[in-house]
Amino acid sequence: MASFDKKPTFAGLKLRLMNSWMFVAFFIGFFLFWEYSVLWFDIPLYILTPPSLIIENGAADLPRLLDYTLVTGTEVIIGYVLAVVLALPLGLAIAFSTILKRTIYPFIVCIEMVPKIAFAPLFISWLGFGLLPKVIIVFLVCFFPIVLNAILAFNSLSEELTLFSRSTGAGIWRTFFKVRLPAALPQCFVGFKYAAINATVGAAIAEFIGSDEGLGFYIQIVTGNMRPDLAFAGIFFLTLLGLCLFGLVTLAERLLIPWHISVRRN
Amino acid sequence: MSNQIKFSGVKKVFGRGPDAVHAFGPVDMVVEDGEFVSLLGPSGCGKSTLMLMTAGLLDVTEGTVQIGDRTVNGPQTDIGIMFQDNTLVPWRTVRGNIELQLEMRGISVASKRAEIDAILASVHLEDFADRHPYELSGGMQQRAAFCQAMIHAPNTMLLDEPLGKLDAMTRERIRSDLQSLWMEQRPTVLFVTHSIEEAIQLSSKVAVITPRPGRIERVIDIDLPYPRDYEVKRSPEFSAYVHETQEIFRGYGVI
């Protein structure tokens, strides 16, 4: 019989920490190496700054960093949520419609081949420096992985469960909510997670190209001013933003599909 | 109401034109009310095809299938059906999976609590009702799947190699449970298997199916007393049936 009841316990946490001591040691070692190599190799501060200085100067500029995190965060969240809200129903529709599968689906696959980021300058020139073009870029980056995984998800119900559902005489809605939707969720989350990882990339690059606020804007400006310390601080907050989004999606996954093997293994 | 299953000239062809594959039939056979009939044949002979056509989950190309006085022309909802790969869903517990069958049919779960407890007890799963399928062994999963397939009390059971993926010992055990259950309730059973011994131990009749395209070569009446326990299986009569069946398949070069 398989083992079960894997609830997080204190002993389990301790074990995991002990197992990860090598990683922690490596992590600390990496930053120590960084800190002291800047001194030892006499690297000018406008090229690379030691982590201690990044923390110090970043903290001094914290209000601006937090403001910009909010700006970029807004772009990321709106773009991501829009992508989920539009891509999921579209994926579902394509999965169940032969006509859509022959028309929109190949079109989407073709567009998926185009690097969406390449559209960023166009959208900025069409729509200006504001929030909208960034939201659209984030949306584009997130939309395709979600739609493609949703199509895959809703098309992969096992033969047995399909026959079972039909043998009960249940209607399409009951079959959808009781069997098809829960069975499709794990594969949908593959798309949600992939999109979450890429959302901040889209926002940052859109801001590089044309904006007057946000973390991407900040990183570009301070780098131009030869302040790599502040650029790293900006990168840190951008990373934090991405981790928060990914964390939220992972939390939703744990709540919605605690039964799935990928969740149980952790 | 009669649950006799009658196959008249049933034939299945997949595809059309030059690429068409003649999978099964034509076949004529009558499974009487309360009989346990095995469809015994090599892989790919179309046993499962016949079963799906009986359930109305696959269209017949020619001929008719009748259950009682109804002609099958769409999914039959008053039968219990089991596959080699079970239809337990991982997001529900064992009890939840049994309830799924009721919910899908729009039957009130609350009104069937006692039945669910009873059927779980009959397969010794009462202590595992709140476990998820992935917490159970393969044998326990098939027992749970059996409860799921039978909770709506069908009089006809279609079992498509339900024991196919189990180890030999578990298989023996569940076989004898299945036999007790059939002896008690006497549903009409169509049982797909490629195990000669299994077919002879369980069935009142064994329909021997030829390699593709599958046809019913012979229907052997198994005239042995129930319950068919180890004593019966050791008897020369049992061996004679096994031998007779093996000879048919040797004639085809299958074994």
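Predicted model: local features only at pLDDT ≥ 70, side-chain atom pairs only at ≥ 80, totals over all residues.
Residues are numbered from 1 along each chain as its sequence is written, chains are lettered from A in the order in which they are written, and side-chain values use heavy atoms, with hydrogens and water left out.

Chain B is divided into domain 1 (5-78 + 155-252) and domain 2 (87-153), with bounds that come from an automatic or database domain assignment. The C-alpha centres of these two domains of chain B lie 25 Å apart. Their contact (heavy atoms within 4.5 Å) takes 12 residues from domain 1 of chain B and 10 residues from domain 2 of chain B.

The size of an interface is often given as the accessible area lost when the parts come together. Here, buried area is the accessible area (1.4 Å probe) that two parts lose on being put together, summed over both. Between domain 1 and domain 2 of chain B, this area is about 850 Å², and carbon and sulfur atoms give 60% of it.

A salt bridge (a side-chain nitrogen of Lys or Arg within 4 Å of a carboxyl oxygen of Asp or Glu) is found once across the interface of the two domains of chain B. Arg143(B) forms a salt bridge with Asp177(B), and their closest N and O atoms are 2.7 Å apart. On the side of domain 1 of chain B that touches domain 2 of chain B, strand S7 (156-160) and helix H5 (168-185) of chain B each give two or more residues; helices (H or I, at least four residues) and strands (E, at least two) are DSSP runs, numbered from the N terminus. The largest share of that side, 6 residues, comes from H5(B).

Now for the meeting of the chains. The contact takes 27 residues from chain B and 22 residues from chain A. Chain B and chain A bury about 2,300 Å² between them, with 69% of it on carbon and sulfur atoms. Trp91(B), Met104(B) and Tyr134(B) supply 32% of the area that chain B buries against chain A, more than any other three residues.

Across the interface of chain B and chain A there is 1 salt bridge. Glu103(B) and Lys178(A) meet in a salt bridge through their side chains (2.8 Å, N to O). Helix H2 (residues 94-104) of chain B gives the largest share of the side of chain B that touches chain A, 4 residues.
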